[in-house]
Amino acid sequence: MTDPTQAVLTPLPESAELTRIVPARAEINQAFYLAVGEPWGWTDKADWTANQWRAYVQGHGHALAATPVESIHTWVLQDKGEDAGYFELARSGTEAEVRYFGLLPSAIGRGLGAGLLSCAVAQAWALGVERVWVHTCTLDHPVALANYKKRGFQLYHTETEPV
């Protein structure tokens with residue numbers, strides 16, 4: 001998205017509550033990454049150490065660089081008082097990426113995905129950026145791409161990796 005007017009937002013159900021995690025807490029990002037990503041085979045950060053997670057949420061990537069290269073913003077969704085999902089926004093310069101987004105397995109199918117992604121998009125634009133983007137792949141929920149398109153994202157690039 002290159003303009004906030006492209007966003008097509010859906011509200012969260014009244015039973016849901018979204019909380020920004022400030023200050024950043026690496027153990028929260030790690031726990032949600034592992035729990036949300038496990039059914040889909042997310043493994044790129046599965047073996048990270050506590051130090052790598054701390055550096056990541058502080059904007060240093062996974063290395064302990066002296067200067068942050070981005071800012072990470074983490075939000076957690078609760079529904080009916082129970083953890084349901086999360087999203088991470090990574091801001092770098094004039095762009096914000098919806099870096100990670102998803103629901104816990106117990107929350108899938110309860111009508112929360114559209115509202116949670118809408119919140120991610122709205123919070124990304126609230127960072128004062130010029131572009132909001134997201135990567136998706138076959139390691140995401142089968143309706144992830146459809147949800148992204150319904151929220152206003154447009155397909156920019158596709159590629160097929162060799163098997």
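Predicted model: local features only at pLDDT ≥ 70, side-chain atom pairs only at ≥ 80, totals over all residues.
Reader: Which residues of helix α2 are buried?

Author: Helix α2 covers residues 50–57, and Trp53, Ala55, Tyr56 and Val57 are buried there.

Reader: What do those buried residues pack against?

Author: The buried residues of α2 pack against helix α1 (26–37) and against the strands β2 (71–79), β3 (82–92) and β4 (95–103).

Reader: And what is found just after α2?

Author: Glycine 59 follows just after the helix, with a positive phi of about 90°.

Reader: Let us stay with Trp53 and Tyr56. How far apart are they along α2?

Author: They are three residues apart, which is about one turn of the helix. In general, an α-helix has 3.6 residues a turn, so residues three or four places apart point the same way.

Reader: How many aromatic pairs does the structure hold, and why is the pair of tryptophan 53 and tyrosine 56 classed as it is?

Author: The structure holds 11 aromatic pairs. In the pair of tryptophan 53 and tyrosine 56, the ring centres are 5.9 Å apart and the planes stand at 90°, so the pair is edge-to-face. The cut-off for that class is an angle over 60 degrees.

Reader: Which cluster do these two rings belong to?

Author: Trp53 and Tyr56 form one aromatic cluster with Tyr33, Trp42, Trp48 and Tyr100.

Reader: Which charged end sits over the ring of tyrosine 56?

Author: That of lysine 45, at 5.1 Å from the ring centre. Elsewhere, the charged end of arginine 131 sits over the ring of tyrosine 156, 5.5 Å from the centre of that ring.

Reader: Turning to the strands, why is β2 described as largely enclosed?

Author: Seven of its nine residues are buried, so β2 is largely enclosed by the rest of the structure.

Reader: Which way does β1 run relative to β2, parallel or antiparallel?

Author: Strand β1 (residues 16–20) and β2 run antiparallel, joined by five bridges. Within this pairing, threonine 19 stands opposite valine 76 of β2.

Reader: How many bridges join β2 to β3?

Author: Nine bridges join β2 to β3, and these strands run antiparallel. Isoleucine 72 has alanine 90 in β3 as its bridge partner.

Reader: What about the hairpin of β2 and β3: how many residues lie between the strands?

Author: There are two residues between the strands, and lysine 80 in this hairpin takes a positive phi near 55°.

Key
Residues numbered from 1 in each chain as written. Heavy atoms only, no water. Buried < 20%, exposed > 50% of the residue type's maximum accessible area, 1.4 Å probe, protein only. Helix = DSSP H or I, 4+ residues; strand = E, 2+ residues; numbered from the N terminus. Contact = heavy atoms within 4.5 Å. Pairing = 2+ DSSP bridges. Phe/Tyr/Trp six-rings, centres within 6.5 Å; stacked < 30°, edge-to-face > 60°. Lys NZ or Arg CZ within 6 Å of the ring centre and 35° of its normal.
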